[in-house]
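Welcome! Here is a short briefing to read alongside the structure. Please take a look at the view below before going on.

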Amino acid sequence: MVQYKLIYYPVRGLAETTRLILHYANVPYEDKHISFEEWPNMKTTTPFGQLPILEVDGKPLAQSFAIARFLAKKHGFAGKDDWESAQLDAIADFMKEDITTECRSYFMARMSCGEGDKDELHNTVFKTSMEKNMPVLEKLLKESGSGFFAKSGVSWVDFYIASFIETFERLIPSVMSVYKDLLKHKETVYALPQLKKYLESRPKTQF
Ligand SMILES: N[C@@H](CCC(=O)N[C@@H](CS)C(=O)NCC(=O)O)C(=O)O
């Protein structure tokens with residue numbers, strides 16, 4: 001049997017999609033957490049100086065999307081054919097480029113700005129980005145008609161989007177509460193029986 005070791009910080013972040021895939025597919029793996037103090041010593045030993053990494057029989061695979069696609073293809077939830085798989089990739093790229101990256105910039109800026117500037121930053125950077133991008137995701141979800149982003153049913157992209165919707169819901173509940181279809185999608189994903197045990201037992205982290 002293939003031995004998997006997922007290496008990441010003790011947060012959901014960019015590793016959570018992979019954790020959800022492995023639990024959904026019922027594949028055993030080691031979930032190795034690296035503390036923020038340990039990381040600098042390890043950084044130069046990794047392919048891109050970043051985490052997550054999935055070790056597959058001891059060989060490292062980096063980049064969260066490469067990892068997620070590798071596992072999703074192996075276990076049959078990367079779309080029903082090449083076309084659907086490419087459509088899913090497009091949605092994941094949109095989420096990563098246009099939403100997750102902008103949100104990361106927002107939180108970095110927020111951490112370093114003064115108390116008085118936070119509201120302005122919130123309304124300019126974050127709210128604008130959400131108002132532009134979230135309706136696009138909701139439209140795609142509606143068009144699929146399956147309750148998931150692919151017509152054929154659940155895929156790794158649902159795990160990716162649901163885990164970030166959870167993060168936004170925790171960090172900026174008032175902004176996120178408007179996007180009811182995405183919140184419902186997250187609930188649908190989190191209600192999958194294959195994920196129940198993991199979701200109940202995983203550590204509670206802010207992001
Ligand atoms: N494109 C990469 C981004 C990975 C990334 O940004 N990892 C961050 C944590 S979320 C990291 O390891 N930062 C530490 C560093 O750069 O030293 C992926 O999707 O895996």
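**The ligand and its surroundings**

The shell around the ligand holds 13 residues, with Lys43, Leu51, Gln63, Ser64 and Lys96 the closest; a residue is near a molecule if one of its heavy atoms lies within 4 Å of it. This is a predicted model, where local features need pLDDT of at least 70 and side-chain atom pairs count only at pLDDT 80 or more, while totals for chains, interfaces and linings use all residues. Residues are numbered from 1 along each chain as its sequence is written, and side-chain values use heavy atoms, with hydrogens and water left out.

*Contacts with the ligand*

- Lysine 43 has a polar side-chain atom 2.8 Å from an oxygen atom of the ligand; a polar contact here is a pair of N or O atoms within 3.5 Å.
- In the side chain of glutamine 63, an N or O atom is 2.6 Å from a nitrogen atom of the ligand.
- Lysine 96 has a side-chain N or O atom 2.7 Å from an oxygen atom of the ligand.
- On its own the ligand has 510 Å² of accessible area, and the protein covers 75% of this (Shrake-Rupley method, 1.4 Å probe).

*Make-up of the shell*

- Six residues of the shell are nonpolar, four are polar and three are charged; Asp, Glu, Lys and Arg count as charged, Ala, Val, Leu, Ile, Met, Phe, Trp, Tyr, Cys and Pro as nonpolar, and the others, Gly among them, as polar.
- Both α2 (39-43) and α4 (82-112) supply at least two residues of this shell.

*The chain as a whole*

- The protein chain contains nine helices and four strands, taken as DSSP runs (helices H or I, at least four residues; strands E, at least two) and numbered from the N terminus.
- Along the sequence, their order is β-α-β-α-β-β-α-α-α-α-α-α-α.
- Along the principal axes, the C-alpha atoms fill a box of roughly 55 × 45 × 30 Å.

*Two backbone details*

- Most residues other than glycine have a negative phi, and most peptide bonds are trans.
- Leucine 51 and proline 52 are joined by a cis peptide bond, with omega about 15°; proline 52 sits in the loop between α2 and β3 (53-56).
- Aspartate 57 is not a glycine, yet has a positive phi of about 50°; aspartate 57 belongs to the loop between β3 and β4 (59-62).

Key:
Polar contact = N/O pair within 3.5 Å; in protein donor to acceptor, adjacent residues only side chain to side chain.
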